[in-house]
Every structure is written in C-alpha cells, then in structure tokens.
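Reader: I have the sequence and the model open side by side, and I would like to be taken through the fold by way of a few questions.

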Amino acid sequence: MAPSISMIHSNPLDILDFVVNKGHGVKGLADLGLKTLPHQYIQPPQERFDHTSNEEPNEDSIPVIDLSNSDDPKVAKAVCDAAQKWGFFQIINHGVPIHVLENVKDATHKFFELPAEEKKKYSKEQSGTNNVRFGTSFTPEAEKALEWKDYLSLFFVSDDEAASLWPAICRNEALEYIRSSETVVKRLLKILMNGLNVKDIDSTKESILMGSKRINLNYYPKCPNPELTVGVGRHSDVSTLTILLQDDIGGLYVRNTKTMKWVHVPPVNGSLVINVGDALQIMSNGKYKSVEHRVTANGNDNRISVPIFVNPRPSDIIGPLVEMVESGEKPIYKHVLYKDYVKHFFRKAHDGKATIDFAKV
C-alpha cells in the first residue's frame with residue numbers, strides 16, 4: 001500500500017523506499033498530491049534556478065537550422081559554427097517524420113502511466129539486462145539532493161534483443177525513432193567531420209563516432225515548489241551527439257559559455273535539439289564544445305523528453321582525431337577507453353563539466 005502524505009513527510013526513509021526501492025519514482029510522489037517538496041529533493045541554493053538573475057535575455061538563443069538543403073555550404077557553416085559557439089542547435093526539416101516523433105512521445109506517456117509494479121520489472125534489481133533500466137533521479141546513491149525525474153534507459157544492441165527485452169508498450173515507437181533518425185545523424189556527422197578536415201569517414205571512424213546508441217524516455221512530473229529543485233542538474237552529455245525530442249512544455253536551459261548565463265531552448269514544433277557530447281569535444285580536440293545544460297522542474301505540467309545518445313562503442317578508445325594534431329597542434333586530451341569515461345560519469349552526481357577532466361592531458 002502506498003504511504004500517505006503525512007507518512008512521507010514524517011519518515012524520510014519512506015521516501016527512498018517508496019521512490020527507489022518500490023519503483024514508484026517521482027511520478028508516484030506527484031500522484032500522492034504533495035503540496036510541499038520533500039526535503040530529499042531540495043537542492044542547495046547555488047543549484048536552484050533563479051529566473052530573475054540567471055536567465056539570458058531571449059534575444060540570445062541557440063540557432064534553429066533548416067536542413068532541407070543540407071548540401072548548401074551555408075547550412076554546413078551554420079552547423080559547425082553552432083557546434084563551436086553553443087554546442088547546441090535545433091534542426092527543422094530534418095527528415096524524421098512528424099508521426100514518428102508524436103508516436104514516441106505518446107509511448108513515453110503510456111510507459112510512465114503503467115503501475116509501479118510493471119515499471120519496476122525494468123529496475124536495476126529486476127531487469128534481466130543492464131541494457132534496459134527504469135530509474136529515478138540520476139545516481140540516487142551518490143546524490144546529496146535528488147532530481148525530479150524518472151526515466152527508462154534503453155541501450156540498443158539489436159532488433160532481436162529489443163524485441164525480447166524492451167517494454168512492449170514503447171518498444172516499436174522507440175525503435176522507429178532510432179531508425180528514422182539515423183540518416184540525419186550521419187548527415188550531421190559528415191558536416192561536422194568536414195569542419196575538422198576529416199574528409200573520409202571509414203568504417204573505423206564511423207564506429208568510433210556512432211558505434212552505439214542509447215535512447216532514454218524521460219518523465220518530469222508536475223512538481224510542488226519547482227523553484228527548490230531541478231529536473232536535471234548541470235551536466236554535459238558523454239555522447240558524440242545527442243538528438244533530443246522535447247515536448248511543448250519547455251524547461252531545457254543551456255549555458256552561454258561567454259556570459260555564463262542560462263539560455264532557454266524554446267520548443268519548436270517538429271524540431272529536434274542537437275548537442276555536442278564530451279566524446280566529440282575530445283575527438284575534435286576542443287574545437288566543438290560539449291556544453292553544460294540543465295532542466296528546470298515545472299509546477300504546472302508534466303513534461304517528457306526523448307534523447308537518443310549517439311556514442312562510441314564501450315570498447316572504443318577515444319582521443320583527439322589524427323587530423324586534429326597532425327599539423328602540430330598540441331593534444332588537450334589523452335586517449336581513454338570510452339567505457340571507463342562513461343563509468344566515471346555515472347558513479348557521481350551531476351557536477352557541470354567536471355567529467356571532461358578525466359580525459360585531460
């Protein structure tokens with residue numbers, strides 16, 4: 001039986017047991033009708049989002065790039081410029097059908113509407129594989145304050161594995177989104193590699209750039225006291241590229257590396273948000289920027305997002321590409337086993353850009 005609101009507030013152990021161990025997640029808390037935020041979710045003041053002082057004026061925002069003519073040199077320049085200045089951009093006319101995007105958003109809502117005991121089948125304790133994981137926050141055991149988010153993380157190995165292990169309620173929609181985005185991912189990586197004078201993407205380079213993929217279904221329930229917590233804390237992704245589908249609620253913020261202010265990424269109907277990950281920053285020897293971003297909690301609406309993380313394979317060694325240092329440029333980063341880099345990221349709480357230090361020379 002679910003605990004009452006009074007029990008949740010009077011016994012702090014009930015929170016972690018209810019949210020993490022019993023699999024209710026923050027959605028389960030929100031469904032209790034809490035009027036105030038449990039203290040486990042109250043972030044330290046420096047991590048809270050103060051709209052009055054932190055937010056950049058709206059006239060400065062990440063670029064929206066029309067990919068309908070991606071062979072146009074102006075389009076290629078816009079993509080490479082955005083990857084250098086912002087580490088983020090939005091794309092429209094990208095070729096991923098709108099119905100595919102709508103279907104995976106619907107499937108995300110359907111998964112999180114499942115009873116807790118159904119979702120818990122995919123938790124760390126019960127899932128038959130590390131490739132399928134339902135969870136909450138980021139790394140609860142390492143966090144001093146929890147994040148107001150639940151997620152389902154699906155590492156793609158093969159269609160056969162997905163058919164047998166991914167939740168049926170969202171499996172086909174997630175797979176279709178991955179398949180439908182592959183063309184635009186390859187197009188963007190070709191443009192970005194050309195911007196580094198890498199002219200030939202052979203099978204080895206393609207593997208290091210996009211040898212593995214992970215899709216997350218993220219759910220941010222309506223939150224009491226959203227000003228005291230976060231949906232996702234400050235971090236940069238460990239991917240090569242991230243392809244993010246967000247709904248129309250908003251709440252994604254990107255750090256402007258010049259002003260250090262936060263810039264909202266407004267939802268654009270039919271668009272996808274693209275961001276550079278740490279792996280590409282390392283491979284480009286710092287030319288392309290993997291930038292801090294965060295998600296605010298929302299006091300009015302439930303929000304979802306669906307990122308695809310395009311990554312090296314776990315067994316790949318990543319470091320500055322040969323083309324980046326062959327003319328004598330000093331490498332900023334050493335070569336590291338990608339699996340080790342990812343483990344380092346996941347064993348701690350979100351901490352801004354600190355993970356990249358793991359790969360610095």
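Reader: What percentage of the 361 residues count as buried?

Author: This is a predicted model, in which local features need pLDDT of at least 70 and side-chain atom pairs count only at pLDDT 80 or more, while totals for chains, interfaces and linings use all residues. Residues are numbered from 1 along each chain as its sequence is written, and side-chain values use heavy atoms, with hydrogens and water left out. Taking buried as under 20% relative accessible area (1.4 Å probe, protein chains only), the share of the protein's 361 residues is 53%.

Reader: What radius of gyration does the protein have?

Author: The radius is taken over C-alpha atoms, and the globule rule is 2.2 Å times the number of residues to the power 0.38. For 361 residues a compact globule would come near 21 Å, and the protein agrees with this at 20 Å.

Reader: In which order do the 8 strands of the open sheet lie?

Author: Strands are DSSP runs of E, at least two residues long, and helices are runs of H or I of at least four, both numbered from the N terminus; two strands pair if DSSP finds at least two bridges between them. The pairing in this sheet is mixed, and the order is β1-β2-β10-β7-β12-β5-β4-β3.

Reader: Which strands are the edge strands?

Author: An edge strand here pairs on one side only. That applies to β1 (64-66) and β3 (132-136).

Reader: Which residue in β5 stands opposite Asp-150?

Author: Strands β4 (residues 150-156) and β5 (residues 212-220) run antiparallel and are joined by 7 bridges. Opposite Asp-150 stands Tyr-219.

Key. Buried < 20%, exposed > 50% of the residue type's maximum accessible area, 1.4 Å probe, protein only.
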